[in-house]
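User: I have a model open and would like to learn how to read its features. Could you walk me through it?

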Amino acid sequence: MRSHPLFQLTLLRFREFVREPEAVFWNFAFPLLLTAGLGVAFRDQAPQPIPVAAVTQQLAAALRADPQLRVEERTPEAALNLLHTGRVALIAEPGPNASVVYRYDEANPDARSARLVADRAVQSAAGRSDPVPASNALVREPGSRYIDFLVPGMIGMGLMNGGMWSLVFSIVDTRRRKLLKRIVATPMPRHHYLLSFLVWRLVLLPCEVGIPLGFGVWVFGVPLRGPLWQFALLCLLGALTFGSIGLLISSRARTIEAASGIMNLVQLPMWIVSGVFFSAERFPAVVQPLVRALPLTALNDALRANMLQGSGLGQMVPQVAVLGVCMVVCFGSALKLFRWR
Amino acid sequence: MPAAALRVSNLKKAYKDVTAVNGLDLEVFPGECFGLLGPNGAGKTTTIEICEGLTEPDSGVVEVLGMQWGRHGAELRQRLGIQLQETQLSDKLTVLETIQLFRSFFRNGPSPEDAIAHVQLQEKRDARVGNLSGGQKQRLALACALVGNPDLLFLDEPTTGLDPQARRQLWDLIIQFKKDGRTIVLTTHYMDEAQQLCERVAIMDHGQAIARGTPRELIASIGVEHVVQFSVGDAALDLGTLERIPGVRSAKLEAGAAQLQVTELHQAVPALLAELTRQGLPLTELSTHSATLEDVFVSLTGRHLRDA
Ligand SMILES: Nc1ncnc2c1ncn2[C@@H]1O[C@H](COP(=O)(O)OP(=O)(O)OP(=O)(O)O)[C@@H](O)[C@H]1O
Ligand SMILES: [Mg+2]
């Protein structure tokens, strides 16, 4: 009994994948390590007091009255040294006529806060009292932390990397070995060859998305507020879109070097501007239409809207449209251009 | 005369700056092993890949097993066994997995296990392709060509780069396949390979067939049965004298040695020795071989196959 060619070809995908330990690492372990690392680095902490220096005992005592400051009393030279090496954010020193001079770097947000807090402490030590009484109500909610922002971005990036790398590397390597030519010299229907990549992507998808998602949800309590089936649909759409881009890149390239050059050219801008690690909104308004038209931006926005805001597909029409159009155009061109030898 | 298994007429194919095939005619009969012989760049691969339906010819007719690529492509693929000159099979698969993959593409054929046994790779059944020796890789490639039970087998330089033992092993496999009554077209630039395996050969040069026939016919056509090579150190030789020796047809000097084209070896060698003794020349080297296809190529083109 012979097995079905599509089954054998998919098995080939599987074997090539698992027998390449690097591929497994970059696909699964690396995004996980990165998420864990960034999650820990940017975890929400009780706010730390800001280190400042004072050059007189009197100023030091005044500043110590505020728990938001950690005060070191130093000579002016020693204090300057601390400031220049970043170990304190601000120096309070006496000025002429019983005034106080704050020495700090205005571009450093910590230093600006320190300036406000220190001045308040100095003024109240001198006898000022607040005319309006005030108290704080603090919020810290899942969904607005950095890790909540990061996890959907990592899932989007994983779909891009996995979708493009696996196809491009495999197809171009097969072509370079003249194995593609050898395979099309058999009766194998050509669409089976391409379909095997689709099937393999679908098999891998639950792991590729599930691992970072599960990690985010279990370890960091990242919310998953939208309908799960819509989330799955978005991942599928993303995987197909990036698969099509990968297919287009590998449709003619004869060497891995050429293909990975093109691939970096395509991926690098998206890593930076598509809101994986920080919001795409940070880029100037003039380039926003361009940023929004990138498939990874669309995917990340849609995943975040689903997970963090619980939005439905109806509210993601532009993003879904970007992905759909990109997929159809790339897949169509790839089929037209594909070099079977 | 049976219908041809492969018929090619007036085949032409040009690439940007070279004419790879220039008006080639071939006819291969069922059950024979046909050799395309020629130096590097002669157009052998181009020709065979056109016959395999992998390259489009510029013009000419190609009929394979009575069918044409344009109309019967799918059917033809089922009935052809193909080995390409430069394929590297996937290093990460094992021998068995590779065969299973190729087997799955064909309707009929042996089981993967049988296919492996056929090329004597049982011991390497579970070894990765990347760890096979050159000869084992070639046998695996042959097995991949045989998994569909082909009626017509195309082999492009099946033994190039192999050591003599591995070549001999591959020859045995090809001879076995021939015994089953199937047709083979192979290319090679080894004359001995063509002489061993092929019923008929076509010698190709610059995209054309410059000679065609059985190896025996071709060798007979140059009217020389043996070649005698000798040298006499630094001493000068007179070619005219050598050509007057009975049984010698012609003589020439090549790379410091003299080469005699000989029709009657038993007359020529004693006479040559006597002549050298008469002239007082020291014989430092002497060898003879029966004329080969190589000598046919040399006499047709004035070049050797290897450095053509
Ligand atoms: N794809 C191609 N593009 C351009 N020129 C080509 C191409 N394929 C072959 N040629 C040229 O066509 C000529 C014939 O090549 P071919 O590969 O058919 O020779 P061959 O007889 O198989 O040689 P070898 O013994 O080295 O395999 C060569 O001059 C080669 O450079
Ligand atoms: Mg060749």
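**The nonpolar cores**

Analyst: Happy to. The largest nonpolar core has 97 residues, and Y193(A), V64(B), F154(B) and L293(B) touch the most other members. A nonpolar core is a set of buried Ala, Val, Leu, Ile, Met, Phe, Trp, Tyr and Cys residues joined through side-chain atoms within 4.5 Å; buried means under 20% relative accessible area, exposed over 50% and partly exposed in between, with a 1.4 Å probe and protein chains only. Helix α5 of chain B (residues 134-146) gives the most to this core, six residues. Helices (H or I, at least four residues) and strands (E, at least two) are DSSP runs, numbered from the N terminus.

Before we go on, this is a predicted model: local features need pLDDT of at least 70, side-chain atom pairs count only at pLDDT 80 or more, and totals for chains, interfaces and linings use all residues. Residues are numbered from 1 along each chain as its sequence is written, chains are lettered from A and ligands numbered from 1 in the order in which they are written, and side-chain values use heavy atoms, with hydrogens and water left out.

User: Which residues does Y193(A) touch?

Analyst: A contact means heavy atoms within 4.5 Å. Leaving out residues up to four places away in sequence, Y193(A) touches L9(A), R13(A), I171(A), T174(A), L180(A), M188(A) and W340(A). Apart from this core lies another, of 42 residues, including V151(A), M157(A), L159(A) and L308(A).

User: How do I read the overall form of chain A?

Analyst: Start with the radius of gyration, taken over C-alpha atoms; the globule rule is 2.2 Å times the number of residues to the power 0.38. A compact globule of 341 residues would come out near 20 Å, but chain A has 28 Å. Its C-alpha atoms fill a box of roughly 95 × 40 × 40 Å along the principal axes. Chain A holds 13 helices and four strands, and 46% of its 341 residues count as buried. Among contacts in chain A between residues at least 6 apart in sequence, 72% join residues at least 24 apart.

User: Where do non-glycine residues with a positive phi turn up?

Analyst: Look at two loops. A98(A) is not a glycine, yet has a positive phi of about 60°; A98(A) sits in the loop between β3 (90-94) and β4 (100-104) of chain A. In chain B, H206(B), also not a glycine, has a positive phi of about 50°, and its place is the loop between β8 (200-205) and β9 (208-213).

User: Is A98(A) buried or exposed?

Analyst: A98(A) is exposed, with a relative accessible area of 79%. H206(B) is exposed too, at 55%.
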